[in-house]
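Here is a quick briefing to read with the model open beside you.

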Amino acid sequence: MLQDGGDIALGAQDNIPLLRYTDDAVSMPLQCGTQWDALAHIFYRGKMYNGHGLDRVTSTGATVNSIDRIADGVVGRGVLLDIPRHRGLSWLEAGDSIDDIELAECAAAQGVEIRSGDIVLVRTGQIAQVRSTGSWGQYDSGPAPGLGVSAAHWFASNEIAALATDTWGAEVLPNDIPGVFQPLHLILLVNAGMTIGEIFDLEGLAVACQEEGRYDFFFSAPPLPITGAVGSPINPLAVF
């Protein structure tokens with residue numbers, strides 16, 4: 001808090017005629033909560049999306065592919081793929097991988113048609129799992145369920161605009177390609193230019209989709225227009 005009730009009571013604002021106020025500030029890593037990765041977030045062999053080099057991200061931020069470039073976007077048709085429900089489970093366990101075949105099967109089972117430009121949200125149930133234990137445990141960077149590298153085939157062939165999951169890193173951990181950390185990020189962010197989101201709380205949405213009997217909706221999740229940033233916190237909204 002920059003100004004609170006105590007400041008008012010002590011007369012810190014007595015120079016202002018009649019009106020009194022409270023104010024606050026926040027300092028945070030931009031990717032510590034529900035967030036989008038910018039295309040400048042990941043490099044492969046010194047290059048990010050569209051072949052831009054390391055010199056394009058300095059201590060003053062990214063000069064290309066920064067998150068503010070999509071600040072007026074990430075709005076459109078959203079689709080939830082509820083993988084635990086498809087498997088008849090409450091949640092997936094750490095290390096459980098989701099491949100391209102299962103993504104297609106889940107969409108078909110839910111009766112939802114995938115279209116070019118969709119924003120696809122993939123539920124693993126890990127948020128429900130940590131809530132059930134009352135502890136975050138190893139949620140941050142630890143073993144997790146998630147997307148396997150073969151999922152790239154499905155996202156690319158369906159021309160998905162953006163994807164997000166309810167886990168820390170979107171991908172299954174441990175990763176399913178030996179010797180490569182987060183291979184799906186390399187494929188989709190660096191090569192395909194596909195926006196990736198993480199740490200989405202999809203539990204309420206999963207309940208709403210089941211109750212409504214539909215798994216598509218209007219979805220809005222624009223990032224904050226932070227100049228040169230390589231990620232941004234968001235407050236995503238699904239509207240039926």
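Helices (H or I, at least four residues) and strands (E, at least two) are DSSP runs, numbered from the N terminus. With that in hand, Arg77 sits in strand E4. Keep in mind that this is a predicted model: local features need pLDDT of at least 70, side-chain atom pairs count only at pLDDT 80 or more, and totals for chains, interfaces and linings use all residues. Residues are numbered from 1 along each chain as its sequence is written, and side-chain values use heavy atoms, with hydrogens and water left out.

- Is Arg77 buried or exposed? Arg77 counts as buried, at 16% relative accessibility; buried means under 20% relative accessible area, exposed over 50%, and partly exposed in between (1.4 Å probe, protein chains only).
- The side chains of Arg77 and Asp118 are joined by a polar contact of 2.6 Å. A polar contact here is a pair of N or O atoms within 3.5 Å; within protein, one must be able to donate a hydrogen and the other to accept it, and residues adjacent in sequence count only if both atoms are side-chain atoms.
- A polar atom of the Arg77 side chain also lies 2.9 Å from the backbone oxygen of Glu113.
- Leaving aside neighbours within four places in sequence, Arg77 is in contact (heavy atoms within 4.5 Å) with Val112, Glu113, Ile114, Arg115, Asp118, Ile119, Asp216 and Phe217.
- Arg77, Asp118, Arg214 and Asp216 are linked in a network of salt bridges. To count as a salt bridge, a side-chain nitrogen of Lys or Arg has to be within 4 Å of a carboxyl oxygen of Asp or Glu.

- As background, side chains of opposite charge can pair when their charged atoms come close.
- Arg123 belongs to strand E6 (residues 119-123), and Arg123 is buried, with a relative accessible area of 7%.
- Because Arg123 lies in strand E6 and Asp82 in strand E4, the pair ties together parts that are 41 residues apart in sequence. Both Arg123 and Asp82 are buried.
- Glu203 forms a salt bridge with Arg123 too, with the closest N and O atoms 2.9 Å apart. That pair links distant parts of the chain, with Glu203 in helix H7 and Arg123 in strand E6, 80 residues apart. Glu203 is buried, and so is Arg123.
- Setting aside neighbours within four places in sequence, the contacts of Arg123 include Leu80, Leu81, Ile83, Pro84, Ser90, Ala128, Asp166 and Ala206.

**Helix H7**

- Which residues of H7 are buried? In helix H7 (residues 203-212), they are Glu203, Leu205, Ala206 and Cys209. These cover an arc of only 160° around the axis, which puts them on the same side of H7; the arc is that of the directions from the helix axis to the C-beta atoms.
- An α-helix has 3.6 residues a turn, so residues three or four places apart point the same way.
- Turned away from the buried side, the other face of H7 carries the exposed residues Glu211 and Glu212.
- Cover for the buried residues of H7 includes strand E4 (75-82), E6, helix H4 (126-133), strand E10 (216-220) and strand E12 (237-239).
- Gly213 follows H7, and its phi is positive, near 70°.

**Helix H4**

- The buried residues in H4 are Gln126, Ile127, Ala128, Gln129 and Val130, and what covers them includes E6 and H7.
- The side chains of Arg131 and Asp201 meet in a salt bridge (2.4 Å, N to O). With Arg131 in helix H4 and Asp201 in the loop between strand E9 (195-198) and H7, the pair ties together parts that are 70 residues apart in sequence.
- Arg131 counts as exposed at 52% relative accessibility, while Asp201 is partly exposed at 39%.
- H4 is followed by Gly134, whose phi is positive, near 75°.
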